[in-house]
Amino acid sequence: MKIRNILILSAIAIALTAVSLWIGQWTYSWMPPQAAAESQLVDKLFSFLITLGAFIFLGVTGTLIYSAIFHRAEQYDTSDGPPIEGNITLEIVWTAIPVLLVFWIATYSYQIYEQMGIQGPMEAMHIHIPTGMKSASAAPINEGTETRGHGDEENVNILPFEDIEVNAKQWAWVFRYPKTGITSTELHLPVNHRIRLAMQSEDVLHGFYIPAFRVKQDIIPNRNIDFEFTPIRIGKYELTDSEFSGTYFATMRANVVVESSEDYKKWLHQAANRKPCTANNQAASEYAQESKELIKGWATVAPAQAPVVNYSN
């Protein structure tokens with residue numbers, strides 16, 4: 001009987017593990033396309049957490065359902081249950097397992113964030129690749145094709161840096177390319193190049209967030225913040241302000257265009273030949289319209305002036 005129970009529990013554990021692993025792999029379809037090397041790392045961490053959570057949830061729920069069906073009291077049975085006292089071994093086990101799981105999750109999460117180069121807030125914020133740590137860089141591939149799947153290993157090759165300045169204000173993104181002096185309200189990036197952003201805020205706290213890249217960084221007023229990532233998939237994505245920065249913060253969006261090195265150079269050349277002009281700004285347009293309808297004396301925050309750039313989306 002004891003061997004039979006052990007075999008049954010082993011079979012149940014194997015089945016739970018298989019189902020949990022399947023759910024963990026399924027989570028990759030919940031996310032936007034993996035458009036940056038960092039997205040592969042984040043998705044692996046997310047899949048790991050979902051797999052672990054599914055195993056615990058299914059195990060606990062299954063035990064409760066089994067107990068409710070096969071160990072419920074008979075109808076009209078109002079007698080007391082058996083007087084079971086504390087079990088020291090059981091208490092140690094169910095305390096040790098969660099502690100070990102928490103340390104496991106914390107260690108794995110820290111390793112992922114280290115590889116992404118995110119070290120957390122510091123007095124002088126400079127986010128960088130730690131010495132001796134593999135960076136989340138993309139392998140040199142054919143830029144006209146799609147990148148690797150989530151099962152591939154991260155590459156250790158460091159590709160050329162592309163420096164871009166990011167200026168956030170209520171409510172617009174402005175990108176400047178120092179090598180050419182070009183300014184734009186649309187962020188253009190060369191695929192498979194390490195991107196290094198120098199970010200500033202003109203007014204309040206803003207959040208630089210590209211869901212397809214799985215990267216997010218708060219931009220703090222009166223601080224210069226460096227941030228790095230590597231786009232690996234050609235396409236058009238969206239940058240949003242992840243922090244509530246005022247009345248029109250929902251309009252603070254920008255296109256992110258990842259393109260081949262050749263197309264990127266062509267775009268830089270075309271933008272350089274454009275005469276700077278005032279960009280379309282949804283926040284400024286909505287404010288101008290709504291200010292006519294507001295009751296006199298109501299306090300409101302006026303958007304910053306629409307940016308003057310070489311290229312506007």
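Figure 1. Trp-22 is exposed, with a relative accessible area of 54%, while Trp-26 is partly exposed at 44%. (Buried means under 20% relative accessible area, exposed over 50% and partly exposed in between, with a 1.4 Å probe and protein chains only.) This is a predicted model, in which local features need pLDDT of at least 70, side-chain atom pairs count only at pLDDT 80 or more, and totals for chains, interfaces and linings use all residues. Residues are numbered from 1 along each chain as its sequence is written, and side-chain values use heavy atoms, with hydrogens and water left out. Rings of Phe, Tyr and Trp (its six-membered ring) pair if their centres lie within 6.5 Å; planes under 30 degrees apart count as stacked, over 60 as edge-to-face and the rest as tilted. The count by this rule is 16 aromatic pairs. One of them joins Trp-22 and Trp-26, which are stacked at 5.4 Å centre to centre with 20° between the planes. Because they are four residues apart in helix H1 (residues 2-26), about one helical turn separates Trp-22 and Trp-26. Helices (H or I, at least four residues) and strands (E, at least two) are DSSP runs, numbered from the N terminus.

**Figure 2. A tilted ring pair, Tyr-66 and Phe-70, in helix H2.** The ring centres of Tyr-66 and Phe-70 are 5.0 Å apart, and their planes make an angle of 40°. Here too the spacing is about one helical turn, because Tyr-66 and Phe-70 are four residues apart in H2 (residues 37-70). Tyr-66 is partly exposed at 45% relative accessibility, and Phe-70 is exposed at 57%.

**Figure 3. Helices H2 and H3 side by side.** The axes of H2 and helix H3 (residues 88-116) come within 9 Å and cross at roughly 170°. H2 is therefore roughly antiparallel to H3. (Axes are lines fitted to C-alpha atoms, for helices over the stretch in contact, with angles from 0 to 180 degrees between N-to-C directions; over 145 degrees counts as roughly antiparallel.) By class, 13 nonpolar, two polar and two charged residues make up the contact of H2 with H3. (Ala, Val, Leu, Ile, Met, Phe, Trp, Tyr, Cys and Pro count as nonpolar, Asp, Glu, Lys and Arg as charged, and the others, Gly among them, as polar.) To find your way around, look in H2 for residues including Leu-41, Leu-45, Phe-48 and Leu-52, and in H3 for residues including Trp-104, Ile-105, Tyr-108 and Ile-112. Contact means heavy atoms within 4.5 Å.

**Figure 4. Aromatic rings and a charge over a ring.** Trp-173, Phe-208, Phe-213, Phe-227, Phe-229 and Tyr-237 are linked into a cluster by ring pairs. In another view, the charged end of Arg-196 sits over the ring of Phe-161, 4.1 Å from its centre. (A charge sits over a ring if NZ of Lys or CZ of Arg is within 6 Å of the ring centre and within 35 degrees of the ring normal.)

Figure 5. With neighbours within four places in sequence set aside, Ile-210 is in contact with Val-215, Tyr-237, Glu-238, Leu-239 and Val-256. Ile-210 and Asp-241 are 31 residues apart in sequence, with 9.0 Å between their C-alpha atoms.

Definitions and conventions:
Angles under 35 degrees count as roughly parallel, over 145 as roughly antiparallel, 65 to 115 as roughly perpendicular and the rest as oblique.
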